[in-house]
Structure formats: structure tokens, C-alpha cells
Amino acid sequence: MIVSRVALKNWKNFRQVEVALRDRAFLVGPNASGKSNFLDVFRFLRDIAKPGGGLQKAVLDRGGISKIRCLAARRSPEVEIDVTLSEYGKKDPIWRYAIGMKQETRGNRATYLIFERVWRDGVLIVDRPNEEDEIDQLRLTQTFLEQINANKEFREVSKFFESIFYLHLVPQLLKHPEAFSGPGLSEDPFGKGFLERIAKVNKNTRAAWLRKIEQALRIAVPQLKELKYTTDLGVPHLEAIYHHWRPKAGKQRENEFSDGTLRLVGLLWSLQEGDSLLLLEEPELSLNAAIVEQLAPMIYRFQSPKKRQVMITTHSGDLISDRGIDPQEILILRPETEGTVIENAYSIREIKDLLESGIALEEIVIPRTRPTNIQQLSLF
């Protein structure tokens, strides 16, 4: 399944938006326009659905409703998320899940539901608050999504949200783990435990995935000839072997890899791990432009056989320069005084006309994301 539509009200940067999504989505926009916050909608639903999660924890992990609610919301206290799920490559909706929430005005200031609704094939099968919720208001501090005994009729939705995958590997966490002691985030979104994640995969599967990564690295990383998984006193490591005139001299472990190499390894691993919705943030970081130009077709080759949806944030014209990208896959985020607006690139008449005149997609889209009067920055 894929997310084919999402509507938001008062979610972070977004006062009110509704956008259709395809099997692949490229989100472009200025800094602080809300690209990461858009992806966080799906992480939020995952955090509600996953074991040990739930509505209260998902909200608290983000600093409470006050940190989630849009600054342009003014007197409107509620936050709403409405998501439609369809089969890969099809438009007809199968499921629709909607949730509205706000914070208690007094007491322990818990988050409670204004509504929770589920539709299957267009038929409403869950509509809260129900009679039991009216009798016991405390029930509204939990969603049915997070309760096994309550989500039986739509457990497919819960499992879909629970399986959403996000990894934005930060090389320094992997190179210098001792410098980042203390409790990490439960989902490990930045790859501090990436090697442990690799270690948990079945030996044969791990070897097959690493062989594919090795093949890519041989092309992208000069002189690299082998990548392998090793352990040292039970501690997992990645080891690269480079061509060198001295036998056994050209070895490196992950703490010696370049940032770009580590980020490419993380990206390639993510594409192979699972078949759920994959959220990628700026995969172009630390990579040579020639490599970035190949990311979009490479991602497509991994996702297509699995029928997997991928959402990607980017600032890179090189990444969206691939001619296989449909302009309808490009979502442009534009900040305004009343919150960020999201527009499909092909729905903008000026962009459509320029594309039809033969101008390249990246030459049209990326300039639209530049801050106004950016040239004045050089004066500082």
C-alpha cells in the first residue's frame, strides 16, 4: 500500500493543506519551509501504532501539542491528520484514517482525541467519540490505532503505519559513538545503532545486501574493491578494502570511511530493508554531484519491484535532473504568513508552460525555492 492523499490542519508549518501523493514524491522548498515536518506526519502515525508507543508518547516526544500546533493556528487549538491509503499504482482508496486532537486546558494537560475515524472502501467503520467514550472520557487519551483489542477491523492500517521506515544517517554518530553517550531516540533515526541493525539481519540476507552495496561503492568510491561485515569481540563493524600496492595495507573500518561513503551505505541499506513507506531526507548530502544525478533512477530500481513508496526531501537540482521523474512527483513547499503551502509542480501553470517549452525540470523548480533577496547574504 501507499499513502495516496494526506490532509493536515494546524500541523507544524501547515495551517491547512491537502495533497495527493504518488509512488514517489520529491519535496523541495526553502530551509524551514516544512519538508522534514511533512515527513514527520508519517513518523508520528508510526509512533502511535508501534509497540511501546501510543498517542501520549508520540506527542510528548515532540514536546507536546504546543510544539506540534501551527503558529498560524491562532485560536484554533486542534491538530488534525487525515490519510488515505491505496494499492501501489492505483488511485482508488482502500483505507482512510483520520485523527483530531488537542490538549486538556487544565489538570495534567494530557492530549485527548477530538475524533478518530476509519473508512474501509468508503464505508465509515470507526467513529469516535462513541457512547463508551462519552461515559469514560479517559478513553479519549488513547487511539484505537494503538490498541490490539480495538483495531482488529483495521489492523492492516496499524501494521502499515508501524512499518514506516526512516533513516537519516549522521556519519559522526557512527564514527564517534563514545562522544554521543546517553539515551538515544527509540527509533534510532540518525543511525547511532546502524551497525547493530545490520548485525540483527539474517547472515545470508545481510551478505546479499552488502554485496549489492559493494557493487555500488566500487563505482562510486575510487579504489574500493570490497566491503564486508566483521565483528571484533562481538562488536559489529563494516570494513572496506581498497586497492593498494602493499598487500593488506588498504583496509578501513567505518570510523575511517568518508561521510559520503557512510551516507551512501545507509541509503543503499535502507532501500533494501523492508517494503514499507520509506522516508529519505536530503540523500544528496556529502555526495559528489555525479553520484547525486544517479540517485533517482537507482531509488526507482529498488522500489519498483517491491511496490514501495518513497518520499524524499531535497535541495538538489542534480537529484531531480533525471528525465524519468514525472513533474507530478515534485511537491513544492512555499512558506506564507498563514503557514506553508504545498503545490504539485505540474499544477502550477507557469511551470507547466516552461516544461512544455523544453526547459529542464530542475532549472524551473530549484530557483523557485530560493529565499527572496538571497544575494544580500553576501553583505554579512
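Helices α9 and α11 are roughly parallel to each other, because angles under 35 degrees count as roughly parallel. Their axes, which are lines fitted to C-alpha atoms over the stretch in contact, come within 9 Å and cross at roughly 20°, with angles running from 0 to 180 degrees between N-to-C directions. The model is predicted, so that local features need pLDDT of at least 70 and side-chain atom pairs count only at pLDDT 80 or more, while totals for chains, interfaces and linings use all residues. Residues are numbered from 1 along each chain as its sequence is written, and side-chain values use heavy atoms, with hydrogens and water left out.

**The helix pair**

- Helix α9 covers residues 259–272 and helix α11 covers residues 295–306, where helices (H or I, at least four residues) and strands (E, at least two) are DSSP runs numbered from the N terminus.
- On the α9 side, Leu-267, Leu-268, Leu-271 and Gln-272 meet Leu-295, Met-298, Ile-299, Phe-302 and Lys-306 of α11, contact being heavy atoms within 4.5 Å.
- The residues of this contact divide into 7 nonpolar, 1 polar and 1 charged, where Ala, Val, Leu, Ile, Met, Phe, Trp, Tyr, Cys and Pro count as nonpolar, Asp, Glu, Lys and Arg as charged, and the others, Gly among them, as polar.

**The largest pocket**

- About 430 Å³ of space lies in the largest pocket, a pocket being an open set of points on a 1 Å grid over the protein atoms alone, where a 1.4 Å probe fits and protein lies on both sides within 12 Å along at least five of seven lines.
- Its volume is the space filled by probe spheres set on the points, which are joined across faces, edges and corners.
- Of the 18 lining residues, Ile-2, Leu-21, Arg-22, Asp-23 and Lys-91 lie nearest the centre, and a lining residue has an atom within 4 Å of a point.
- The lining has 6 nonpolar, 6 polar and 6 charged residues, and β1 (2–11), β2 (14–20) and α11 each supply at least two residues.

**The second largest pocket**

- The second largest pocket holds about 330 Å³ of space and is lined by 15 residues, of which Ala-216, Ile-219, Leu-268, Met-298 and Arg-301 lie nearest its centre.
- Two or more lining residues come from each of α8 (203–220), α9, α10 (289–292) and α11, with α8 giving the most, 6 residues.
- By class, this lining has 11 nonpolar, 2 polar and 2 charged residues.

**The whole chain**

- The secondary structure of the chain comes to 13 helices and 15 strands.
- Along its principal axes, the C-alpha trace spans about 75 × 55 × 45 Å.

Key. Parallel < 35°, antiparallel > 145°, perpendicular 65-115°, else oblique.
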